[in-house]
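Please look over the sequence and the structure shown here, and then read the briefing that follows, which is arranged by topic for someone meeting them for the first time.

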Amino acid sequence: MTDRIEKTICLRAPRARVWAALTDAGQFGAWFGVSLRGPFVAGMPVEGRLTIPGYDHLDWTFNVEAIVPQTQFSYRWHPHAVDASVDYATEATTLVEFALSDEAGGTRLRVTESGFDRLPLARRQEVFPLNSEGWEKMLAKIERHVLAADPAR
Amino acid sequence: MSRVSNAALKQLPDAARVFAALGDPTRLRLVSRLSADGPQSITALTAGAGVTRQAITKHLMALGDAGLATPARQGRQIVWSLETRRLDIARRHLDFVSGQWDQALDRLKHFVE
């Protein structure tokens, strides 16, 4: 339940256009916010530097996993590895997968990121300041999830 | 934001157990009830749960193993209470990552459309 994130978005653009935005290193970098060196090749690492204001001092790497033309693109990375003094190389990675399909008037894109279970708990805690959100709010969300998943209630 | 020391990190139990423990509707409902109503006995938790006392006990033990709930003796009965901190971390982290993706996909949308 908390190992993965899945998002689906419908884009009013041809599939080839979306595919290029995802797998051309320059185009990917333009919307993602990273300046990348080199093309995406299955099994190969890609290196660059973030261009997002506030994070533009950080190097950024991912490993391309699979490229199935016009259909699927995936890579592994260290999510929010934003502390320049930390060597993240030994930590577990998450897998990011983009899947494309046709949709009336455009392209359906599903993004999945999985493998969060394997990240150290302390690492997961680093991404938000303590006490920023109440436990009650979180529980309400979980309860909605439970009730939605349980037809007996 | 303070960094967690390596020593503290090593002491943390495996996060995966938290997520495994939550991957069950009965256990999630137990977590919800312990949060809404506070610490409770197994008898109270079994009432209206639609499963046997034995099953509830088993699920509570699983939550306990994952560090999500702890038992304490109160007079003649055992009372279970929620350890909110661990669950809190996992949920908030996913919410954070989810928000990051929403922003990135919004940028992609503007880029291709």
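In this predicted model, A:Asn63 stands opposite A:Arg76 in strand E5 of chain A. That pair belongs to the antiparallel pairing of E4(A) with E5(A), which are joined by 5 bridges.

**Paired strands in chain A**

- E4(A) and E5(A) form a hairpin with 3 residues between the strands, and in this hairpin A:Gln70 takes a positive phi near 65°.
- E4(A), which covers residues 59–68, is also joined to strand E3 of chain A, residues 45–50, by 5 bridges, and these two strands run antiparallel; in this pairing A:Glu47 stands opposite A:Thr61 in E4(A).
- E6(A) pairs in turn with strand E7 of chain A, residues 106–114, in the antiparallel sense and over 9 bridges, with A:Leu100 standing opposite A:Leu109 in E7(A).
- E6(A) and E7(A) form a hairpin that has 2 residues between them, and A:Gly105 in the turn has a positive phi of about 80°.

**Two helices in chain A**

- Two packed helices are described by the angle between their axes and the distance between the axes.
- For helix H1 of chain A, residues 15–23, and helix H2 of chain A, residues 25–32, the axes come within 5 Å and cross at roughly 85°. Angles of 65 to 115 degrees count as roughly perpendicular, and H1(A) and H2(A) are therefore roughly perpendicular to each other.
- The contact brings A:Ala20, A:Ala21, A:Leu22 and A:Thr23 of H1(A) together with A:Gln27, A:Phe28 and A:Trp31 of H2(A); the residues of this contact divide into 5 nonpolar, 2 polar and no charged.

**Nonpolar cores**

- The largest nonpolar core has 17 residues, and those with the most contacts inside it are A:Leu11, A:Val18, A:Ala21, A:Leu22, A:Phe28 and B:Val112.
- Elements of both chains give two or more residues to this core, namely H1, H2 and strand E2 (34–37) of chain A together with helix H6 (84–112) of chain B; H1(A) gives the most, with 4 residues.
- A second, separate core has 15 residues, and B:Ala21, B:Leu28, B:Leu63 and B:Ala69 are among them.
- Returning to A:Phe28, and leaving aside its neighbours within four places in sequence, this residue is in contact with A:Ala21, A:Leu22, A:Thr23 and A:Leu36.

**Chain B as a whole**

- Chain B contains 6 helices and 3 strands, which follow the pattern α-α-α-β-α-α-β-β-α when read along the sequence.
- Of the 113 residues in chain B, 25% are buried.
- When contacts in chain B between residues at least 6 apart in sequence are considered, 55% of them join residues at least 24 apart.

**The sheet of chain B and the helices on it**

- The 3 strands form an open sheet in the order E1-E3-E2 of chain B, with antiparallel pairing, and its edge strands are E1 (40–41) and E2 (69–74) of chain B, each of which pairs on one side only.
- E2(B) and E3(B) pair in the antiparallel sense over 6 bridges, and B:Thr70 stands opposite B:Ser81 in E3(B).
- Helix H3 of chain B, residues 25–37, packs on the sheet and touches E1, E2 and E3 of chain B, with a direction that makes about 90° with that of E3(B).
- Helix H5 of chain B, residues 53–65, lies across E2 and E3 of chain B and runs at about 115° to E2(B).
- The C-alpha atoms of B:Gln77 and B:Ile42, which are 35 residues apart along the chain, are separated by 8.4 Å.

How values were computed: Residues are numbered from 1 along each chain as its sequence is written. Chains are lettered from A and ligands numbered from 1 in the order in which they are written. This is a predicted model: local features need pLDDT of at least 70, side-chain atom pairs count only at pLDDT 80 or more; totals for chains, interfaces and linings use all residues. Axes are lines fitted to C-alpha atoms, for helices over the stretch in contact, and angles run from 0 to 180 degrees between N-to-C directions. Angles under 35 degrees count as roughly parallel, over 145 as roughly antiparallel, 65 to 115 as roughly perpendicular and the rest as oblique. Two residues are in contact if their C-beta atoms, placed from the backbone, lie within 7 Å. Ala, Val, Leu, Ile, Met, Phe, Trp, Tyr, Cys and Pro count as nonpolar, Asp, Glu, Lys and Arg as charged, and the others, Gly among them, as polar. Two strands pair if DSSP finds at least two bridges between them. A residue is buried if 20 or more other C-beta atoms lie within 10 Å of its own, exposed if 12 or fewer, and partly exposed in between; C-beta atoms are placed from the backbone. A nonpolar core is a set of buried Ala, Val, Leu, Ile, Met, Phe, Trp, Tyr and Cys residues joined through C-beta atoms within 7 Å.
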